[in-house]
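Here is a short briefing to read with the model open beside you. Take a moment to turn the structure around, and then follow the topics below.

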Amino acid sequence: MPNARVLRDIKARNIVNANEILRRAYLYVARNESLSPQVRHQAQLQLNTFGKYTRPTTVKNRCSESGRGRGIISEFAMCRYQFRLKALNREIPGVQKASW
């Protein structure tokens with residue numbers, strides 16, 4: 001069962017993906033200095049109506065197992081501790097402890 005932080009991060013990722021195109025379009029219009037100030041102002045007002053979770057900065061990499069937000073190995077979406085435990089138990093295909 002994922003904890004609340006993981007569920008919040010999944011929710012944020014879904015909402016960001018759903019609103020990304022429209023948000024980028026408004027950003028482009030708001031930052032385009034060749035357009036009239038009224039159009040740019042309207043685009044900025046539309047950007048302000050978006051919710052908190054539509055911003056890409058709200059998405060944080062978290063461990064899919066424990067919800068930890070630090071030491072994430074992005075290829076496996078796990079923190080280093082969970083990655084080590086699963087690798088030692090041979091639960092990750094193609095990963096084994098190095099020895100030479």
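Helices (H or I, at least four residues) and strands (E, at least two) are DSSP runs, numbered from the N terminus. This is a predicted model, in which local features need pLDDT of at least 70 and side-chain atom pairs count only at pLDDT 80 or more, while totals for chains, interfaces and linings use all residues. Residues are numbered from 1 along each chain as its sequence is written, and side-chain values use heavy atoms, with hydrogens and water left out.

**Confidence**

- The predictor's confidence in each residue is given as pLDDT, from 0 to 100.
- The chain has an average pLDDT of 89, and 98% of the residues score at least 70.
- Among the elements of the chain, the highest mean pLDDT (94) belongs to helix H2 (residues 37-48), and the lowest (90) to helix H1 (residues 4-31).
- Where pLDDT is low, the predicted coordinates should not be read in detail.

- Four salt bridges are found in the structure; the term means a side-chain nitrogen of Lys or Arg within 4 Å of a carboxyl oxygen of Asp or Glu.
- Side chains of opposite charge can pair when their charged atoms come close.
- One of the bridges joins Arg-13 to Asp-9, with 3.0 Å between the closest N and O atoms.
- Because Arg-13 and Asp-9 are four residues apart in helix H1, about one helical turn separates them.
- For exposure, buried means under 20% relative accessible area, exposed over 50%, and partly exposed in between (1.4 Å probe, protein chains only).
- Asp-9 is buried because its relative accessible area is 8%, whereas Arg-13 counts as partly exposed at 32%.
- Another bridge pairs Glu-20 with Arg-24, whose closest N and O atoms are 3.3 Å apart.
- Glu-20 and Arg-24 are also four residues apart in helix H1, about one turn of the helix.
- With a relative accessible area of 32%, Glu-20 is partly exposed, while Arg-24 counts as exposed at 56%.

**A link between distant parts of the chain**

- Glu-65 forms a salt bridge with Lys-86, and their closest N and O atoms are 3.9 Å apart.
- This pair connects distant parts of the chain, 21 residues apart: Glu-65 is in the loop between H2 and E1, and Lys-86 is in helix H3 (residues 80-88).
- Glu-65 has 43% relative accessibility, so it counts as partly exposed.
- A network of salt bridges links Glu-65, Lys-86 and Glu-91.

**Positive patch**

- On the surface, a patch of positive charge brings together Arg-5, Arg-8, Lys-11, Lys-52 and Arg-55.
- Such patches are made of residues with over 30% relative accessible area and no salt bridge, like charges being joined within 9 Å.
- Lys and Arg count as positive, and the place of a charge is taken as NZ of Lys or CZ of Arg.
- Accessible areas come from the Shrake-Rupley method with a 1.4 Å probe.
- Lys-11 is in helix H1 and counts as partly exposed, at 45% relative accessibility.

**Loops and distances**

- Leu-35 sits in the loop between H1 and H2, where it is partly exposed at 33% relative accessibility.
- The C-alpha atoms of Leu-35 and Val-59 are 31 Å apart, with the two residues 24 apart along the chain.
- Glu-75 is in the loop between strand E1 (72-73) and strand E2 (78-79), and is exposed with a relative accessible area of 71%.
- Between the C-alpha atoms of Glu-75 and Gln-42 there are 40 Å, the residues being 33 apart along the chain.

Conventions: Patches are made of residues with over 30% relative accessible area and no salt bridge: like charges are joined within 9 Å, nonpolar side chains (Val, Leu, Ile, Met, Phe, Trp, Tyr) within 5 Å.
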